[in-house]
Amino acid sequence: MKQRIMSGMRPTGKLHLGHYLGVIDNWVKLQDEYECFYQIADWHALTTKYDSTSDLKQNIIDVVSDWLAAGLDPEKSTIYVQSLVPETAELHIYLSMITPQNWVERDPTLKDMAKILKSKEGFGTQVNYGLMGYPVLMTADILLFNADFVPVGIDQVAHVELTRDIARRFNFIYKTDFFKEPQPKLNNCSLICGLDGNKMGKSFHNDIKISDTDEVTAKKVMTAITDRSRIRKDDLGHPDECEVAFKYWKIFGTEEEIAAVREECEKGLRGCAQCKRELGAKINARMADIREKRRYFEAHPEVVDKIIREGSEKARVEAKKTIDKVRNIIGMY
Ligand code: TRP
Ligand code: SF4
């Protein structure tokens, strides 16, 4: 029996290279060794975006299209939407009964989200009941499949720790060993920075999307921060102080290319504009196959929809087994 992986993402819309290199590429690699469940967390999206749902469906299609283009394979992994597996909500109810209020109150992520919401509704910090339950809902996601490992970014590790606590408490209260205590598996989210040198993110307008065209990518790369001390193209450059462009070379170039860029830059034989033109082409070459698949899914949303619905049905089969077992353990009718 293969060990299980469960992870999820909120449907935030088209994904960027930070998601691709830091998260999805990692998920893709896990597909052969593990039985994987990858979820679109649409209920989690509602915890903060309950009032802007007009793009929710399209965002789900966009995220799954990016996943599929990047190599997630519905034959190998179960790709599903959280709200299409309503067993999640039932497990959430049971877990909410045994989770002490102060366990969720001390969640650090919740505090950050509360700050964002404060500015939104304009009448003080507004934390809705559903948002309080964010980490318990995530616990339900993970325990529903009794996952062994949960690949997450550093910001989500506290939630996996809470999942372990809740699993242990459930087992203790109901005198069972049914739930495993899942382990976090850290993603490398800081692998690639944004074009301005900060963390890559949609809202910072410093990202390159998986689905960007070659032209858009090339244009964006031209805005990447370089060695700020360099003014003319034959000034001697300092690749290690080239804040973004050289870092990208280290991700997308071969050993020889990186060495050549370094040498030419240091000797003043390479202008930054030319350097970034080559870099843009390099990134486009690396993304070419993925983008071709992405365009196919863009043109065939019905194919993506079918994959989502079939994946969700598949997920439900496993989810129902857990729910039957849990109802039985608790002593429900
Ligand atoms: N909360 C996660 C995030 O915002 C997304 C998520 C929802 C998740 N359910 C999950 C991640 C279960 C791992 C496991 O990134
Ligand atoms: Fe950076 Fe290339 Fe300019 Fe050197 S030549 S500073 S590596 S962009």
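The points below are grouped by topic.

This is a predicted model, in which local features need pLDDT of at least 70 and side-chain atom pairs count only at pLDDT 80 or more, while totals for chains, interfaces and linings use all residues. Residues are numbered from 1 along each chain as its sequence is written, chains are lettered from A and ligands numbered from 1 in the order in which they are written, and side-chain values use heavy atoms, with hydrogens and water left out.

The protein chain is assigned domain 1 (4-192 + 301-330) and domain 2 (212-293). The largest nonpolar core has 55 residues, and a search of the whole structure finds one cavity of 30 Å³ or more.

**Domains**

- Domain bounds come from an automatic or database domain assignment.
- The C-alpha centres of domain 1 and domain 2 are 36 Å apart.
- Nine residues of domain 1 are in contact with eight residues of domain 2, where contact means heavy atoms within 4.5 Å.

**Nonpolar cores**

- A nonpolar core is a set of buried Ala, Val, Leu, Ile, Met, Phe, Trp, Tyr and Cys residues joined through side-chain atoms within 4.5 Å; buried means under 20% relative accessible area, exposed over 50%, and partly exposed in between (1.4 Å probe, protein chains only).
- In soluble globular proteins, nonpolar side chains tend to be buried together.
- Within the largest core, of 55 residues, I24, W67 and Y248 have the most contacts.
- Helix α3 (residues 56-70) supplies the largest share of this core, nine residues; helices (H or I, at least four residues) and strands (E, at least two) are DSSP runs, numbered from the N terminus.
- Domain 1 (4-192 + 301-330) and domain 2 (212-293) each give at least three residues to this core.
- Leaving out residues up to four places away in sequence, Y248 touches I192, C193, G194, L195, M200, I208, G253, L279 and I283.
- A second, separate core has 36 residues, among them I98, L144, V160 and A167.

**The cavity**

- On a 1 Å grid over the protein atoms alone, a cavity is a set of points where a 1.4 Å probe fits but cannot get out, and a pocket is an open set with protein on both sides within 12 Å along at least five of seven lines; lining residues have an atom within 4 Å of a point.
- Grid points are joined across faces, edges and corners, and a volume is the space filled by probe spheres set on the points.
- The largest cavity holds about 100 Å³ of space.
- It is lined by 14 residues, of which R230, C242, C265, C272 and C275 are the closest to its centre.
- The elements giving two or more residues to this lining are α11 (245-252), α12 (255-266) and α13 (272-299), and α11 gives the most, with three residues.
- The lining of the largest cavity has nine nonpolar, two polar and three charged residues; Ala, Val, Leu, Ile, Met, Phe, Trp, Tyr, Cys and Pro count as nonpolar, Asp, Glu, Lys and Arg as charged, and the others, Gly among them, as polar.

- Of its 20 lining residues, H92, Y129, G130, M132 and G133 are the closest to its centre.
- At least two lining residues come from each of α2 (42-49), α4 (87-98), α5 (101-105), α7 (129-132) and α8 (134-144).
- Twelve nonpolar and eight polar residues make up this lining, with no charged residues.
- Eleven of the eleven residues of α8 are buried, so α8 is largely enclosed by the rest of the structure.
- N146, which follows α8, has a positive phi near 45 degrees.

**Individual residues**

- V28, in helix α1 (residues 17-30), is buried, with a relative accessible area of 18%.
- V28 touches A70, G71 and L72, not counting residues up to four places away in sequence.
- P184, in strand β5, is partly exposed, with a relative accessible area of 26%.
- Not counting residues up to four places away in sequence, P184 touches V150, V152, V157, V160 and E161.
- K175 lies in the loop between α9 (157-173) and β5 (183-186), is exposed at 74% relative accessibility, and has a positive phi near 50 degrees.
- H205, in the loop between β5 and α10 (214-222), is exposed at 71% relative accessibility and has a positive phi of about 55 degrees although it is not a glycine.
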